[in-house]
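Welcome, and please open your viewer. We will go from stop to stop, selecting a few residues at a time and looking at what surrounds them.

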Amino acid sequence: MAATRGSTRRRNRPAPRPPRRFVLRREVLTAYAAPALTAGTAGVLGGRQDLAVAACTTIAGTSAMVAFLVGSWLRRGGRPRPWTTEVPRTVLTLLLVAATAGAAALLGRCAAEWLPAHAPFPYAPFPYGAWRERLPVDLPLSAALATTAVTLRWRGTLAKPSV
């Protein structure tokens, strides 16, 4: 028997799920917890105390801050900027990653040079003294990963245009 327009095969399909809401709180928490757990575990298992400390400070902290800033900017009061929804997802992600990673790299380099001269304990014992050398790497890498995750998740929550 041939399937007709009103056949049961078509009615038994599950209804398409509505897009998941973008909740900034959840994104920031995930942006902190994911790198803190992964880098912290790698630091502990690998015997790298500096990585274990940086996992919960510079790496996860930068990720959470960037997730908050990028997520807030993308949401903009619930109404996205038109160009952010019109450009392809990959292009938007690459543009935002370049901007945030560039800004974080500049901030990390400046902080690594400025902080030793202005810190109350410039020669802190290891691993706490090693954080200055980590800043130029940790900040842009964390910013790039957090921006990628938040941007892709945000675009995934937008309603698909009906054709």
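In which loop is Arg-81 found? Select Arg-81 and you will land in the loop between α3 (49-75) and α4 (82-86). Helices here are DSSP runs of H or I with at least four residues, strands are runs of E with at least two, and both are numbered from the N terminus.

Before going further, a word on what you are viewing. This is a predicted model, in which local features need pLDDT of at least 70 and side-chain atom pairs count only at pLDDT 80 or more, while totals for chains, interfaces and linings use all residues. Residues are numbered from 1 along each chain as its sequence is written, and side-chain values use heavy atoms, with hydrogens and water left out.

**Stop 1: around Arg-81**

Stay on Arg-81 and show its side chain. Arg-81 is buried but has no salt bridge. Buried means under 20% relative accessible area, exposed means over 50%, and partly exposed lies in between (1.4 Å probe, protein chains only). A salt bridge needs a side-chain nitrogen of Lys or Arg within 4 Å of a carboxyl oxygen of Asp or Glu. For Arg-81, the nearest side chain of opposite charge is Glu-86, 12 Å away. In this count Lys and Arg are positive, Asp and Glu are negative, and His and the chain ends are left out.

**Stop 2: Phe-68**

Now select Phe-68, which sits in helix α3. Is Phe-68 buried or partly exposed? Phe-68 counts as partly exposed, because its relative accessibility is 41%. Then draw a distance between the C-alpha atoms of Phe-68 and Ala-146: they are separated by 9.4 Å, although the two residues are 78 apart along the chain.

**Stop 3**

Move to helix α2 (residues 24-45), where you will find Arg-26. Arg-26 is partly exposed at 32% relative accessible area. A polar atom of the Arg-26 side chain lies 2.9 Å from the backbone oxygen of Arg-21. Apart from neighbours within four places in sequence, Arg-26 is in contact with Arg-20 and Arg-21.

Next, select Glu-27 together with Arg-153. The two form a salt bridge, with the closest N and O atoms 3.0 Å apart. Glu-27 lies in helix α2 and Arg-153 in helix α6 (residues 131-157), so this pair ties together parts that are 126 residues apart in sequence. Glu-27 is buried, with 7% relative accessible area, whereas Arg-153 is partly exposed at 37%.

**Stop 3: a salt-bridge network**

Which residues are linked in a network of salt bridges? Select Arg-48, Asp-50, Arg-134 and Asp-138 to see it. Asp-50 pairs with Arg-48 at 3.7 Å between the closest N and O atoms. The side chains of Arg-134 and Asp-50 also meet in a salt bridge, at 3.4 Å from N to O. Arg-134 lies in helix α6 and Asp-50 in helix α3, so this pair ties together parts 84 residues apart in sequence. Asp-50 is buried at 14% relative accessible area, and Arg-134 is buried at 15%; Arg-48 is partly exposed at 42%. The structure holds five salt bridges.

**Stop 4: the cysteines, then the whole chain**

Select Cys-56, partly exposed at 42% relative accessible area, and Cys-110, partly exposed at 43%. How many disulfides are there? The count is zero, with a disulfide taken as a pair of cysteine sulfur atoms within 2.5 Å.

Finally, zoom out. The chain has six helices and zero strands. Of its 163 residues, 35% count as buried.

Terms used: Contact = heavy atoms within 4.5 Å. Polar contact = N/O pair within 3.5 Å; in protein donor to acceptor, adjacent residues only side chain to side chain.
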